[in-house]
Amino acid sequence: MDIKDIQNLIKFVSKAEVSEVKYKTKDFEITIKTPLAGSDAVYAQPAVYHTAPQAAAPAPVAAAPAAASVEKTEAASDDSKYVAIKSPMIGTFYRKPSPDKDVFVNVGDEISAGKVVCVIEAMKLFNQIDSEISGKIVKILVDDATPVEYDQPLFLVDPS
């Protein structure tokens, strides 16, 4: 089973809304676990939406939280013109091919479709992640050597 087959299996499992899938052959075994459909799983974006109203509630009392929420709103509207490069799998995000090498991309770098932008380690396999778009790296959204989820934004790219 190659990495593309594993990625397709992960996509299928996430869309099938099952909690666990085990696939086993005589040479290979994989187990994929996901939150149950309809459970109270918390994802990053909904959590941001839940915390924003709480931060805005004390705004009439203090000026600093009001200014912070205005800045967050402006930053969110600025980010809408950018395209996100998302993780095609669950794993650990690395900006370098190895500890003694340089990073693949930095903020401000021009990239083209097919350029390697990072590596994601999954099950002891290091998978190079290629950009699907051309443009300029505006923001790196994930810290080096941190876990990432399937479809999690990794980079923001200005396609213009």
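Colleague: How many residues does helix 1 have, and how far does helix 1 reach from its first C-alpha to its last?

Modeller: This is a predicted model, in which local features need pLDDT of at least 70, side-chain atom pairs count only at pLDDT 80 or more, and totals for chains, interfaces and linings use all residues. Residues are numbered from 1 along each chain as its sequence is written, and side-chain values use heavy atoms, with hydrogens and water left out. Helices (H or I, at least four residues) and strands (E, at least two) are DSSP runs, numbered from the N terminus. Helix 1 (residues 3-16) has 14 residues and reaches 20 Å, close to the 20 Å expected at 1.5 Å a residue; the expected span is 1.5 Å times one less than the number of residues.

Colleague: Which residues of helix 1 are buried?

Modeller: An α-helix has 3.6 residues a turn, so residues three or four places apart point the same way. Here Ile 6, Gln 7, Leu 9, Ile 10 and Val 13 are buried (under 20% relative accessible area; exposed is over 50%, partly exposed in between, with a 1.4 Å probe and protein chains only). They lie on the same side of helix 1 because they cover an arc of only 160° around the axis, taken from the directions from the helix axis to the C-beta atoms. On the other side, Lys 4, Phe 12 and Lys 15 are exposed. The cover over the buried residues includes strand 1 (20-24) and strand 2 (29-33), where contact means heavy atoms within 4.5 Å.

Colleague: In what order do the strands of the open sheet lie?

Modeller: Two strands pair if DSSP finds at least two bridges between them. In this model, 4 strands form the open sheet in the order 3-10-8-5, with antiparallel pairing. Strand 3 (83-86) and strand 5 (110-111) are the edge strands, each pairing on one side only. Strand 3 meets strand 10 (residues 153-158) over 4 bridges, and Ile 85 has Phe 155 as its bridge partner. Strand 8 and strand 10 also pair over 4 bridges, with Lys 139 partnered by Leu 156. Strand 5 is joined to strand 8 (residues 135-140) by 2 bridges, and Ile 111 stands opposite Gly 135.

Colleague: Which element supplies the largest share of the lining of the second largest pocket?

Modeller: Rolling a probe the size of a water molecule over the atoms shows where empty space is left. The largest share, 5 residues, comes from helix 1. Helix 1, strand 3 and strand 7 (125-130) each supply at least two lining residues.
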